[in-house]
Amino acid sequence: ATEEDIAELRRERAQQSTEAVGHRRAGELQEAALVAKDDELRIAREEQEAELAAKDAELLRAKQEKIRQLENRDELAARWRREQAASATLALASKDEEIACLRRAGEKMATDASALAREQEDVLARLTVK
């Protein structure tokens, strides 16, 4: 092999070495690009999950508020019903008391009428005896 052949072989090896380095470097760049893309997708997914979690939390708060409002409404309705029942009970008790009072007044009037009738009989009896 002549020096020219050796130089040619060295140039080819250098060329192959340069190409190998280039291929290796291209592979490394491609790998780095894939890692960057993977990181980008992971970050986007995490952001989306955070947004969904925030929306879920807001929906939960809204549902809890609606439940609280319904419970308050139910409690107000129950309180109103209790107050109406108590008012009706008081009204009935008042009517019962009024009836009892009228009954007592009627009994007193009957007693007074009986007493007056006896007095009239006594007066008539005294007048007829004289």
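Start by selecting V123, L124 and L127: together they form a nonpolar surface patch with about 300 Å² of accessible area. A patch here takes residues with over 30% relative accessible area and no salt bridge, joining nonpolar side chains (Val, Leu, Ile, Met, Phe, Trp, Tyr) within 5 Å and like charges within 9 Å. A salt bridge is a Lys or Arg side-chain nitrogen within 4 Å of a carboxyl oxygen of Asp or Glu. Accessible areas use the Shrake-Rupley method with a 1.4 Å probe, and for residues only the protein chains shown count as cover.

This is a predicted model, in which local features need pLDDT of at least 70 and side-chain atom pairs 80 or more, while totals for chains, interfaces and linings use all residues. Residues are numbered from 1 along each chain, and side-chain values use heavy atoms, without hydrogens or water.

Now zoom in on V123. V123 sits in helix α1, residues 3–129. Helices are DSSP runs (H or I) of at least four residues, and strands (E) of at least two, numbered from the N terminus. Is V123 buried, partly exposed or exposed? V123 is partly exposed, at 42% relative accessible area. Buried means under 20%, exposed over 50%, and partly exposed in between (1.4 Å probe, protein chains only).

Next, select R104. R104 is also in helix α1. R104 counts as exposed, at 51% relative accessibility.

Finally, show the whole chain. The chain has 1 helix and 0 strands. Its C-alpha atoms fill a box of roughly 190 × 10 × 5 Å along the principal axes. Buried residues make up 1% of the 130.
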